[in-house]
Amino acid sequence: MAIQKEPGQKGVNWSNIAVGAIMNMFEVTTLGQPLEVLKTQMAANRQQTMFQAMQTVWSRGGVSGFYQGLIPWAWIEASTKGAVLLFTASEIETATVAMGASPAAAGLLGGMGGGIVQAYATMGFCTCMKTAEITRHKQAAAGINPPSTWAVFADIYRREGIAGINKGVNAVAVRQCTNWGSRMGFARLAESSIRNIKGKGENDKLTPFEKILSSSIGGALATWNQPIEVVRVEMQSMAKSAERAEKKTIINTLSYIYKENGIKGLYRGVTPRIGLGIWQTVCMVSLADYVKAWVKG
């Protein structure tokens, strides 16, 4: 069920900006970043198994390797994208429910809108830099001493300007639109299904277990769009080869991955992404619902 406005409340609920930032910071600092690093490693190195990817990440410094890119890029991205996502999605969700839409449809539209806005407003440059940080070790493998994250940022900006920093942002927008539309839509649909099975009314509260179960279902089912994520990682990868197009687009990158690795290549990293999707949805839907209700008093 979408969050309802309190009686007498007018306008937008600005507190959701702070709630979104806090919840996304919590998500990425706990399980989010390790799963993100592992997922990106597998998507960028499509010949590796999950165990080999874990070994590679571990070789970069043990546990700290799984938090590569957390500071500053993941923290900057999490605090900004979480604020934009929860604020936008909550407003759209509340407005569409008020117009008579079902909770599932409202969740779908809210998630899609929030995902698109967060991608173009905040995520392009942060996601690009996180991916550059995680994938630049390929330069070291070629005998080149990899530059620091800030040096990579300065070099990309000097060569390609803002467009270079936001490289792959269209793929990010497609991913975020389908990600959060699916996560929130499936999670609200699961909540409605649980209410029907348990004989609960629309205004009856679900137990914490039922809320977490709903978000877990939503997060897991939302990984149907893994090919978009693999394309996004490839578009932002620092690796270069004769086979890769100089100017990467969603279509030519998709074609390159399929030619190199087939259908399986488009689903590399889906296992850690299922875990990541579940954790993100639990944090940004179930736990966020409780925090928003607590803030409202």
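Here is a walk through this structure, from the whole chain down to a few single residues. Keep in mind that you are looking at a predicted model.

Let's start with the big picture. The protein chain has 11 helices and 0 strands. If you read along the sequence, the pattern is simply α-α-α-α-α-α-α-α-α-α-α. Of the 297 residues in the chain, 52% are buried. Now think about who touches whom. Take the contacts in the chain with a separation of 6 or more: 79% of them are between residues 24 or more positions apart.

How do you describe a pair of helices? Two packed helices are described by the angle between their axes and the distance between the axes.

Our opening pair is helix 1, residues 15-44, and helix 2, residues 50-58. They pack at an angle of about 115°, and their axes are 9 Å apart. The crossing of these two, helix 1 and helix 2, is right-handed. Which residues do the touching? Helix 1 brings Val37, Leu38, Gln41 and Met42, while helix 2 brings Met50, Ala53, Met54, Thr56 and Val57. Sort the residues of this contact between helix 1 and helix 2 by class and you get 7 nonpolar, 2 polar and no charged ones.

Thr56 sits in helix 2, and leaving aside neighbours within four places in sequence, Thr56 is in contact with Gln41 and Gln48. Is Thr56 buried or exposed? Its relative accessible area is 18%, and the cut-off for buried is under 20%, so Thr56 counts as buried.

Next up are helix 7, residues 169-198, and helix 9. Here the angle is about 155°, with the axes 9 Å apart. Angles over 145 degrees count as roughly antiparallel, so helix 7 is roughly antiparallel to helix 9. Helix 7 passes helix 9 in a left-handed crossing. On the helix 7 side you will find Ala171, Val172, Val174, Arg175 and Thr178, and they meet Ile228, Glu229, Arg232, Met235 and Gln236 in helix 9. The residues of this contact between helix 7 and helix 9 split into 5 nonpolar, 2 polar and 3 charged.

While you are at helix 9, which covers residues 226-236, find Val231. What does Val231 touch, not counting residues up to four places away in sequence? The list is Ile250, Thr253, Leu254 and Ile257. Val231 and Tyr256 are 25 residues apart along the chain, and their C-alpha atoms are separated by 9.4 Å.

Now follow the chain out of helix 7. In the loop between helix 7 and helix 8 lies Lys205. This one is exposed, with a relative accessible area of 75%. Lys205 and Arg195 are 10 residues apart in sequence, and 9.0 Å separates them from C-alpha to C-alpha.

The crossing of helix 8 and helix 11 is right-handed. From helix 8 come Pro208, Lys211, Ile212, Ser215, Ser216, Gly219 and Ala220; from helix 11 come Ile274, Gly277, Ile278, Thr281, Val282, Val285, Ser286, Asp289 and Tyr290. By class, the contact of helix 8 with helix 11 has 8 nonpolar, 6 polar and 2 charged residues.

Let's jump back to helix 1 for Asn16. Asn16 is buried, with a relative accessible area of 4%. Its contacts, not counting residues up to four places away in sequence, are Ala83, Leu86, Phe87, Ser90, Glu91 and Lys292. Asn16 and Leu86 are 70 residues apart along the chain, yet their C-alpha atoms are separated by 6.1 Å.

Finally, a word on cysteines. A disulfide is a covalent bond between the sulfur atoms of two cysteines. How many disulfides are counted here? The count is 0. As for individual cysteines, Cys177 is buried at 13% relative accessibility, and Cys283 is buried at 0%.

Conventions. Residues numbered from 1 in each chain as written. Predicted model: local features only at pLDDT ≥ 70, side-chain atom pairs only at ≥ 80, totals over all residues. Heavy atoms only, no water. Axes fitted to C-alpha atoms, helices over the stretch in contact; angles between N-to-C directions. Helix = DSSP H or I, 4+ residues; strand = E, 2+ residues; numbered from the N terminus. Left-handed = near helix turned anticlockwise from the far one by under 90°. Contact = heavy atoms within 4.5 Å. Nonpolar A, V, L, I, M, F, W, Y, C, P; charged D, E, K, R; others polar. Disulfide = S-S within 2.5 Å. Buried < 20%, exposed > 50% of the residue type's maximum accessible area, 1.4 Å probe, protein only. Parallel < 35°, antiparallel > 145°, perpendicular 65-115°, else oblique.
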